[in-house]
Amino acid sequence: MARPDRIAFVCPRYAGEGAVGGAETLLKNLAIHAAAAGIPVDFLTTCAQSHHTWENNLPAGVKTTDGLQVHFFPTDARDVPRFLRIQQSIDRGRPVSETDELFWLRNGVYSSALLAHLDRHATDYRAILLGPYLFGLSYFAALAHPRQALLVPCLHDEPFARLTCMKRLFSETAGCLFNSQDERELAMELFTFPAAKSRIVGMGLDPFAVDSTAFARRHGLTAPYVLYSGRREPLKGTPLLCDYMQTFRERSRRDVKLVFTGSGTIDAPPALRPHLFDAGFVSETEKHEAMAGAIAFLHPSVNESFGIVLLEAFLARTPGLVHARSRVLVSQCRASGAGLWFRHYPDFENQLLWLLDHPEARAALGSRGHDYVAREYAWPVIERKFMEALDAFAPRRA
Amino acid sequence: MSENSILSIGAPGFNVDRLVADLQATADRKMKAGVYADARVARAEKTNLVNLRGSDDFVSFYLTCLREAVFVDISDFEIHERRRFFTPLLVAFKKAIWKILKFYTYRLWSQQNQINGLIITGLEGMEEQTAARLAALEQRLARLEQQASGHGSP
């Protein structure tokens, strides 16, 4: 029997509608490129913009945007106090019952309207791509239609990945599309599933050319600056970044500014605030300009499955400085030869000073990064990998 | 840090691992020389401690930094006023408040300093003791492994 051609993407938020997030951006871009390749695509998401409150800020309904049919569904009501209590236990590594695990997932982000839509239209879809793994919406949708479910887990080495219920998710879905070899290895360590059930796809990046002085000129930045782009929260390591930069400025007496783009509040020491510039949520062009003008792109997160912003910084010819505990980011720095990694503050200070004092070496590292991303993450390369995964796990003939 | 690493960055076959290893070795040497034994480093590392649990040397290094931060500075300091109006009056007022409160706060702070000092000494002692015990156990394990493989004396 021939399967339909149409595919669905399920993601708790739609990137760009006031929401910022790597997994959301990745799924959206895969969907856009699948649609551009001639595959009919439905993007199923919620009306929420904030991954803290999951409040319905956007109107429900269907909207055509970025060449996609995006279906917005309302999120369900949540028992936040109990959700947070369970989350705290998981975070601290305390034992949590399977009932509580499921309660936690059900009360994170969940949309019975979206799941009902999937139930009604499941047979219309050749494959349902879902992610990230740790949200109830992806979890319950995948297990409701496991034979069509292709998980894009965006897996991190974090306590949530060790929940008992996650074993079922990874073992029952038809296939997994990982972003990197390191993410796949982590999944193999944590769950038991055959290697043949997984593919490495990732996300493509379009080349760009920007003026590396434009961002600093527009915002009156006269001192050199380092940049972080993305969500600002403890899990992403931004408090560590602020503490390190404050200490770096005090100890080295170098006037290096810290620039942020993205969303979320920044918890910075008072003495750093005059030397911190928060550009907030900016356009892609402005983000790329900010990257191109930076001394280095700093990525202090240890929980990454794919460093999209790091690769974008490489494409902007800017070297990376990442945390040594993030095996995915270190692996990207290693493969590209365009980034350094620090274990602790002494490493950070030493490496940032080195980057500041060696502009030619910095340019050479940036150039290596640009060539690496242009070669390995060009969209035609990623589209081919995506189509191969689709054919392997959801062949047209069932 | 070898200049060769810098020169070869643009060359084919360049290995960034070597560059990072060079830079990390420089940082390690400077740590040993006491360049980072600084209260500000201890403060900067507070959010990174969870990532350093696997590092053998880091706890002792962190305690060295903490030793620099442990005592609250209770000495007098120069009092400034940033407001442009009534500046001398405001400075005099602040100085008076400082003098009045000093009698009470000095006692509290000196007690806090005593406690901080005792805690850090205790922590350092525990760390030294644990390190010595681990070293002895590792030596014993190595000896036993050697005996078990039949290469050591019975």
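**Architecture and interface of the predicted two-chain model**

Along its sequence, chain B shows the pattern α-α-α-α-α, with 5 helices and 0 strands. Helices (H or I, at least four residues) and strands (E, at least two) are DSSP runs, numbered from the N terminus. The structure is a predicted model, in which local features need pLDDT of at least 70, side-chain atom pairs count only at pLDDT 80 or more, and totals for chains, interfaces and linings use all residues. Residues are numbered from 1 along each chain as its sequence is written, while chains are lettered from A and ligands numbered from 1 in the order in which they are written.

The model has an ipTM of 0.79 and a pTM of 0.78. For chain B, the mean pLDDT (the predictor's confidence in each residue, from 0 to 100) is 83, and 87% of the residues reach 70 or more. Within chain B, confidence is highest in helix α2 (residues 16-32), at a mean of 94, and lowest in helix α1 (residues 3-7), at 53. Where pLDDT is low, the predicted coordinates should not be read in detail.

Of the 154 residues in chain B, 12% are buried. A residue is buried if 20 or more other C-beta atoms lie within 10 Å of its own, exposed if 12 or fewer, and partly exposed in between, with C-beta atoms placed from the backbone. Two residues are in contact if these C-beta atoms lie within 7 Å. Among the contacts in chain B with a separation of 6 or more, 61% link residues 24 or more positions apart.

The contact between the chains takes 26 residues from chain A and 27 residues from chain B. On the chain A side, α9 (238-252), α12 (327-336), β14 (339-342), α13 (345-357) and α14 (359-376) each supply at least two residues. The largest share, 7 residues, comes from α9(A). By type, the chain A side comprises 13 nonpolar, 7 polar and 6 charged residues. Here Ala, Val, Leu, Ile, Met, Phe, Trp, Tyr, Cys and Pro count as nonpolar, Asp, Glu, Lys and Arg as charged, and the others, Gly among them, as polar.

Helix α9 of chain A also contains Leu241(A). This residue is buried because 25 other C-beta atoms lie within 10 Å. Beyond its neighbours within four places in sequence, Leu241(A) is in contact with Tyr228(A), Leu298(A) and Pro300(A). Its C-alpha atom is separated by 9.9 Å from that of Tyr345(A), 104 residues apart along the chain.

Helix α14(A) has 18 residues and reaches 26 Å from its first C-alpha to its last, close to the 26 Å expected at 1.5 Å a residue; the expected span is 1.5 Å times one less than the number of residues. Its buried residues include Ala364(A), Leu365(A) and Val373(A), and the elements covering the buried residues of α14(A) include α11 and α12 of chain A.

Strands pair if DSSP finds at least two bridges between them. β1(A) runs parallel to β2 (residues 41-46), joined by 4 bridges, and Phe9(A) stands opposite Phe43(A) in β2(A). Another 4 bridges join β1(A) to the parallel strand β5 (residues 127-130), where Leu129(A) stands opposite Phe9(A).
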